[in-house]
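Dear colleague,

I am passing on the structure we spoke about, with the sequence alongside. Please have it open while you read the notes that follow.

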Amino acid sequence: MQQARSPERNGAEPAIARARRSPPPGLRPFDVERAAGGRAAPKCVCPVKKDRNYAGRELRGLRGLPRVSGVGRRNSCFIQREGPPFDEHQELEAAVDLTGRLLTAHGQGYGKSGLPTSHTTDSLQLWFVRLALLTKLSLFQNAELEFEPFGNLDQPDLYYEYYPTVYPGRRGSMVPFSMRVLHAELPQYLGKAQESLDRLHGMKIVCQTILDNLEQGMAEDGSMINITQENRQASIQLWRSRLCRVMYSMANCLLMMKDYVLAVEIYRSIIRYEPEQKPQLLSGIGRIFLQIGDIKTAERYFEDVEKAVQSKGDGQCLNTFVLMNRAFVYLSQNNYAEAHASFSDVLKIDPKNPVASNNAAVCLLYLGRLKESLGQLEGLVQQDPALYLHESVLFNLTTMYELESSRSNQKKQALLEAVSCREGDSFNTQCLKLV
């Protein structure tokens, strides 16, 4: 699924597999459930390119391209922006440029490559924000180049002990934990999934070791320093959440590698640390089995979801999980009438559910109601482009245009122009099937 941590707990959600064993020919089910002293300074590579040219240079004026001069800088890190409003992608580009300027003020950034530098907690937070923004913009190679000077993030100048006068009495690494997770996840986006898995496994071992030390009455590093019970419980809770974060990333990486058995095993083990997420995790596991064609096993997991929902009470969100699971099972059995009915029930509870809306339109197509299906998807894209101008929705829409008329290229061009006014380089224009 598409980032439906969706997604989405922002990376903490499992990357749920598509509901069908194989998508209908030419259509895609859409599931959003699926960002030193004496050392050479890290460098910022070239600023983000702002010349978006999807449908011709004449459209650039419609987008109100941001400039770093239009973004103010304050020591408090609150940002003020002048000029016309930008869309999300343009905001991200402006933010990347701003991080470069702020890093330059810290003696790093543009034009500082190879010069001696000292790290601070502020500069490392800025680096993390910049690298996360580059990843969000799908500029993975740029992010990898800017990560290179940091090595494995365990160099001496990345620890508090390296700066005793600046951080007297402090111990440990200055590198944000989220920056370590990003460093571990990045290779998989560049076709090096095994390298990501190795880094994540190393992080999991560290998190598990720290948890074991805390639960055995020691400090995080295994020393016998006295810690109050309140601080110990807070630390245990923190490292449990970090361990779960790493395990989610490992499972997502395994799904990308199509190692479904190990991915399911990790998702099941997360339930031990996050029992409140049991319905969501079991639903995700069931959808993985649907993707590999094991409908009976998927149905068993979905039955467990219904039992968990009943034990928790009658919540709208949990009922949506049950209805969505039933709809996906009907889809896998080619029972489009029942699947459409289930997706419609979901939309009554959650009218803006993009997964249900898209799949309901696909069901209508397979029921022979092309005009109705096409009208539904077009209406969604026009009413809320920020939510529905999604690659999977547009792929389905362009496929329906091809089925409807031999003049589909004109409508595809109109979609391309809509995309050009809102999206940036990370948008995959192949979904419009213009070639």
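Is helix H4 mostly covered or mostly exposed, and how many of its nine residues are buried? H4 is mostly covered, with eight of the nine buried; they are Phe 177, Met 179, Arg 180, Val 181, Leu 182, His 183, Ala 184 and Glu 185. The partners against which these buried residues pack are helix H2 (121-136), helix H3 (140-147), H5 and H6.

For the chain the mean pLDDT is 79, and 77% of the residues reach 70 or more.

H5 (residues 193-215) and H6 (residues 229-256) meet at an angle of about 160°, their axes 9 Å apart, and because angles over 145 degrees count as roughly antiparallel, H5 is described as roughly antiparallel to H6. The crossing of H5 past H6 is left-handed, and the residues of this contact comprise 15 nonpolar, six polar and five charged ones.

Two stretches call for caution. Over residues 1-38 pLDDT stays under 50, although the model has 134 contacts beyond four places in sequence for them; over residues 46-63 pLDDT likewise stays under 50, with 46 such contacts in the model. Where pLDDT is low, the predicted coordinates should not be read in detail.

With best wishes

Methods
Residues numbered from 1 in each chain as written. Predicted model: local features only at pLDDT ≥ 70, side-chain atom pairs only at ≥ 80, totals over all residues. Heavy atoms only, no water. Axes fitted to C-alpha atoms, helices over the stretch in contact; angles between N-to-C directions. Helix = DSSP H or I, 4+ residues; strand = E, 2+ residues; numbered from the N terminus. Parallel < 35°, antiparallel > 145°, perpendicular 65-115°, else oblique. Left-handed = near helix turned anticlockwise from the far one by under 90°. Nonpolar A, V, L, I, M, F, W, Y, C, P; charged D, E, K, R; others polar. pLDDT = per-residue confidence, 0-100. Contact = heavy atoms within 4.5 Å. Buried < 20%, exposed > 50% of the residue type's maximum accessible area, 1.4 Å probe, protein only.
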